[in-house]
Amino acid sequence: MHDLPNGLPARPNSLEEHWLPFTSNRDFKENPRLVVQSEGVYCWDHKGGKLIDGSSALFCCPAGHGRQEIAKAVYDQMTTNSYTPHFQMGHPGSFELAKRVTALLPEGMNHVFFVNSGSESIDTALKMVMAFHRANGDGQRLRFVSRERAYHGVNMGGVSLSGMVKNRETFPVVMPNVVTIRHTMTGKDLFHEGQPEHDGVELANDLQRHCETYGGSTIAAVFVEPVAGSTGTLVPPKGYLERLREICDEHGILLVFDEVITGFGRLGSNFAAQHFGVTPDICTMAKALTNGCIPMGAVAAQDRIYETITNASPMNAIEFFHGYTYSAHPAACAAGIAAMEIYEREGLFEKAAALAPYFADAMMSLRDHELVKDIRTIGLMSGLEFHHDGVPGRRGAKMQKDLFWNGCHVKFTGETAIVAPMFIATRAHVDEIIDKIRTTMDQQLA
Ligand code: PMP
């Protein structure tokens with residue numbers, strides 16, 4: 001099957017040396033699933049099998065694989081100026097990309113700090129929060145609030161905020177001073193499209209109780225994924241985010257939205273902030289920022305955050321003692337600008353919004369299957385949850401593999417398939433994804 005562009009074989013002679021992330025390596029290496037080519041909504045494995053991408057490559061590629069415009073922009077950038085660091089100097093591309101990103105954000109979020117991944121965006125946001133409160137004469141605010149079933153990446157800050165038990169069990173001693181509030185899946189609203197009606201304010205009032213327990217003036221920030229993605233598409237009930245915003249305002253707490261998944265059109269709006277009509281103080285993003293072409297993340301901040309931090313230092317002093325060697329790498333900026341141009345020119349966020357109702361119906365067509373426990377959808381993301389087979393995670397792991405060999409790639413978390421089509425997908429593509437999932441479900445029963 002296809003050799004790689006550099007002439008190396010599609011199936012390497014040895015698979016031992018690469019230790020894959022978030023993978024059962026021993027199992028994988030017995031029967032590897034290698035993708036050698038991709039274009040549009042499809043990719044091809046090393047045996048020549050064609051797969052439809054049912055999770056937009058971990059939400060990264062809404063505009064599809066193999067976009068020539070992005071490849072050309074990166075090539076042009078690399079052959080003009082391959083790398084400029086951003087410590088006390090810069091290159092123009094980052095300013096252009098920052099301007100385009102802020103144009104998509106809610107009003108007042110006019111400052112963007114670039115990083116290289118979602119995880120880095122979270123650790124950067126944590127530091128931004130601390131720097132803001134310190135500059136504001138509020139340095140006693142050192143407590144952070146996160147949620148059960150939250151996923152905020154894998155760096156030490158993000159793991160500290162995590163509400164996933166695996167993160168917590170394996171890496172127990174991380175950042176102190178993180179308290180958690182409940183997640184929003186109450187089980188009352190199974191098979192739900194969009195936001196559940198129940199309990200939004202009551203669930204958000206967990207934060208109020210923390211303010212009463214710890215003192216609101218000790219809490220620095222609340223981190224929330226507007227829709228929890230990696231734990232299976234947990235959609236916030238009506239009134240929930242609004243109430244969190246209200247409590248934060250009352251107590252001077254910063255509200256941070258982790259939009260690594262929901263940013264750039266996933267819900268049909270620019271960001272989830274606009275979809276839910278709630279504006280955070282700080283917003284993290286990654287993935288679709290470059291259509292997944294070059295690793296990049298970013299943190300956007302309200303004017304008052306940027307101004308407070310930058311104005312607190314003398315003119316010639318470094319104001320925010322933080323940054324990465326590859327922050328705002330020129331190649332990533334070029335990819336980001338090209339991705340933003342595609343999103344706008346092709347009206348892809350509008351296309352996502354237009355496809356969402358069809359997608360929701362298609363997902364719900366699976367509800368009567370005996371393996372299915374719950375389905376929830378919002379925009380072009382969904383969680384399809386299966387009953388487990390007695391051993392948590394086993395059915396999900398098997399189905400993910402079987403589905404791959406049946407010609408569809410979908411991300412699973414435990415027993416939940418996270419189906420999230422690309423924005424360039426047609427109704428026929430949605431049908432194809434659903435058919436392959438249904439076939440794979442039926443096979444489990446045979
Ligand atoms: N935050 C959220 C909400 C995410 O979904 C992810 C990745 N799935 C991250 C942070 C971490 O991003 P990365 O894997 O790029 O570090």
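Let's start with N177. N177 has 13 C-beta neighbours inside 10 Å and so counts as partly exposed. The cut-offs are these: a residue is buried with 20 or more other C-beta atoms within 10 Å of its own, exposed with 12 or fewer, and partly exposed in between, with C-beta atoms placed from the backbone.

Before going on: this is a predicted model, in which local features need pLDDT of at least 70, side-chain atom pairs count only at pLDDT 80 or more, and totals for chains, interfaces and linings use all residues. Residues are numbered from 1 along each chain as its sequence is written.

Back to N177. Its phi is positive, about 65°, although N177 is not a glycine. N177 sits in the loop between α7 (165–170) and β6 (178–181). Helices (H or I, at least four residues) and strands (E, at least two) are DSSP runs, numbered from the N terminus.

Now N291. N291 is not a glycine, yet has a positive phi of about 55°. The loop here runs between β10 (282–285) and β11 (297–301). Is N291 buried or exposed? N291 counts as buried, because 28 C-beta neighbours lie inside 10 Å.

Next, a helix pair. Two packed helices are described by the angle between their axes and the distance between the axes. Helix α4 (residues 92–104) packs with helix α12 (residues 330–345) at about 35°, with the axes 9 Å apart. Axes are lines fitted to C-alpha atoms, for helices over the stretch in contact, and angles run from 0 to 180 degrees between N-to-C directions.

Which residues meet? From α4, G93, S94, E96, L97 and R100; from α12, P330, C333, A334, G336, I337 and M340. Contact means C-beta atoms, placed from the backbone, within 7 Å.

Look at S94 in α4. S94 is buried, because 22 other C-beta atoms lie within 10 Å. S94 touches H86, F114, A328 and C333, leaving out residues up to four places away in sequence. S94 and I294 are 200 residues apart in sequence; C-alpha to C-alpha, they are 14 Å apart in space.

On to α15, residues 427–445. Helix α15 has 19 residues and reaches 27 Å from first C-alpha to last, close to the expected 27 Å at 1.5 Å a residue. That expected span is 1.5 Å times one less than the number of residues. Buried in α15 are H429, V430, I433, I434, K436, I437, T440 and M441. They cover an arc of only 160° around the axis, so they lie on the same side of α15. The arc is taken from the directions from helix axis to C-beta atoms. On the other side of α15, R427, A428, D442 and L445 are exposed. What do the buried residues of α15 pack against? They pack against β3 (50–53), α13 (348–364), α14 (394–405), β14 (408–409) and β16 (416–418).

Last, P236 and α9. P236 lies in the loop between β8 (219–224) and α9 (240–251). P236 is buried, with 27 other C-beta atoms within 10 Å. P236 and P196 are 40 residues apart in sequence, but 7.1 Å apart in space, C-alpha to C-alpha. Not counting residues up to four places away in sequence, P236 touches T184, Q195, G200, P226, V227 and L241.

L241 is one of the buried residues of α9, which include Y240, R243 and L244. Covering the buried residues of α9 are, among others, α8 (200–215), β8, β9 (254–258) and α10 (272–276). After α9 comes G252, with a positive phi near 70°.

Methods. Two residues are in contact if their C-beta atoms, placed from the backbone, lie within 7 Å.
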